[in-house]
Amino acid sequence: MDLYSSIFNFMYLFIDSFGFLIISALGLAIIFGMMGIINLAHGEYIMLGAYITTLTAAAGMPFIIALLCGSLGVGLFGGIVDRLIIRHLYKRPLDSVVASWGVSLIMSQGMLVLMGPSIPGLSTPMGSINVGQFDYSVYRIFLGFLAIFIMIVLYVLFKKTKFGLHSRATMQNAVIARNLGINSDRMYCMTYILGSVLAGLAGALYAPTLSIVPTMGSNFMMLSFVTVVVGGADPMTGTLLSGGLLSLFNGGLSMIFGTLMGRLGLLVVAILFIRVLPEGFSGLVERQTLRVNRKKQEAISNGESN
Amino acid sequence: MLKTVKLRAGYGKVMILQGVDFHIGKKEIISIIGRNGVGKSTLMKTLIGEVPVSSGSIEFAGKDCTKLKAYERAQLGMGYIPQGHGVFPLLTVEENLLVGQCINGNKQTTKKHMELVYDYFPRLKERRTQRAGTMSGGERAMLSIARILIGEPSLILFDEPSEGVQPNIVELIGEIILKINADLGVTILLVEQNIGLVQQVSEKAYVIDKGLIAHELDKAMINDNETTKRLLAV
Ligand SMILES: Nc1ncnc2c1ncn2[C@@H]1O[C@H](COP(=O)(O)OP(=O)(O)OP(=O)(O)O)[C@@H](O)[C@H]1O
Ligand SMILES: [Mg+2]
């Protein structure tokens, strides 16, 4: 393999892994970061999104419509689960783990009963390109860039809109937020639905690349869980940095030693990282920004006293 | 403006308030004083709706709001400033202020409101983009007041604004309270340990003890240090 094609190979593996980690982790990260709820049914939400998308597309709808149905369908499902179960468990991480684990079991078993052990998948759109001796899926490269686009949309949503401001305020202190007139329960419900829509979107986007089986969620769940743990409480910065770091190792190791080692390496890096920085990337970033801010402030007050 | 009737409230089975009766008229400034742990903060939390009422009632702006949730009471125009100021540490000063706009109905904050608040607190304008978590105690106190003002409340519930604040800033807070009351006609209920601040602003004070309003003090009694010392002695 010449240099050019091995660089491309690494880049492809990196982008593929980055896209996968970010797209599948965002829903989990937002629900965890904003609500302190660990949604163990996240993988099954992704599975549901993949099923809805595949079935809608198989019924003759264009892929983009199927994708919307998948995301919004899971959003609706998440909304119902929130009203029935999750709303009683806001800010109770341990109880929410048990409850959402129950939901995940019901969903995967239910899907097995409903649709059987598997349904026919869709073909991957966009074809492939050939570099060196390998063929690369254009669609998976596209998903890597789409991940960045989704992050930008979420960044704008959280930093520039009223919903974003209110949800960040609620996340930091729900009691104060509601004392200031914010309906914090509604913020939680909407955040949960947003997380569900993102999970559905992940399932929809990856549906054409995977076999559609009731247990497909577990693979997503493990990797998004690791991403969120390494990322820490801030769903945006945390997920972005963690997805980047883990993909660097995953991509590099996969290229040299194959997929299995890539996966193992990712887990080892995650464990080591958490050993050193238990609060993940967001803890680190938060400390840094507060420190910089304080320095700036000191500089201002020194300037004043001179 | 605000009236409670035989208000009983507390945590679980422990009733902290045992039948509190009091009222505040429009544009009044009234203080509530009492020893540590008698339930002053509990009263404030019950008024805003954070502690559930077990019996009795709360009437605000002519409406029975005993059963309303905290955010609904806020949207009726009740502005609550918690003990310890309660700023959002990771939001900037400006974002903290914008959160306050939900009080008194969800109307948009116009530039005018911002300017008014920055007029009251020029220091906050300088620090607009700073994260609230990096500010000093005095600055947080000002931010917590400014954040409420943005929402144009008709009543402000202050829970110990002087906590963690140096004496000259406490005096500034006193001036601000008087100014808000005079310029904007806001009714004020103030819980305070700092007798100086109580004397500076209030016309009337209630002394809370054993879960009840034990005494009502007029201006002269508030200003008499012997009386207040005796009432607050352990
Ligand atoms: N969340 C809670 N759960 C159980 N008990 C509480 C809770 N908050 C306060 N208490 C108890 O209620 C009583 C009154 O507390 P409160 O905070 O209202 O006092 P306070 O008058 O505001 O005191 P301070 O002057 O120190 O602010 C105290 O005995 C306190 O221990
Ligand atoms: Mg108190």
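Residues are numbered from 1 along each chain as written, while chains are lettered from A and ligands numbered from 1 in the order written. In this predicted model, local features need pLDDT of at least 70 and side-chain atom pairs pLDDT 80 or more, whereas totals for chains, interfaces and linings use all residues; side-chain values use heavy atoms, without hydrogens and water.

Chain B gives 29 residues and chain A 23 residues to the contact (heavy atoms within 4.5 Å). About 2,500 Å² is buried between them, 57% of it from carbon and sulfur atoms; buried area is the accessible area (1.4 Å probe) that two parts lose on being put together, summed over both. On the chain B side, B:Y71, B:F88 and B:T134 lose the most area, together 22% of what that side buries.

Two salt bridges link chain B and chain A (a side-chain nitrogen of Lys or Arg within 4 Å of a carboxyl oxygen of Asp or Glu). In the one between A:R178 and B:E50, the closest N and O atoms are 2.6 Å apart.

No disulfides (cysteine sulfur atoms within 2.5 Å) are found over all chains. The sulfur of A:C189 is 17 Å from the closest cysteine sulfur, in B:C102, too far for a bond.

The table gives relative accessible areas; buried means under 20%, exposed over 50%, partly exposed in between (1.4 Å probe, protein chains only).

| Residue | Relative accessible area | Class |
|---|---|---|
| A:C189 | 13% | buried |
| B:C102 | 1% | buried |
| B:S41 | 17% | buried |
| B:Q83 | 35% | partly exposed |
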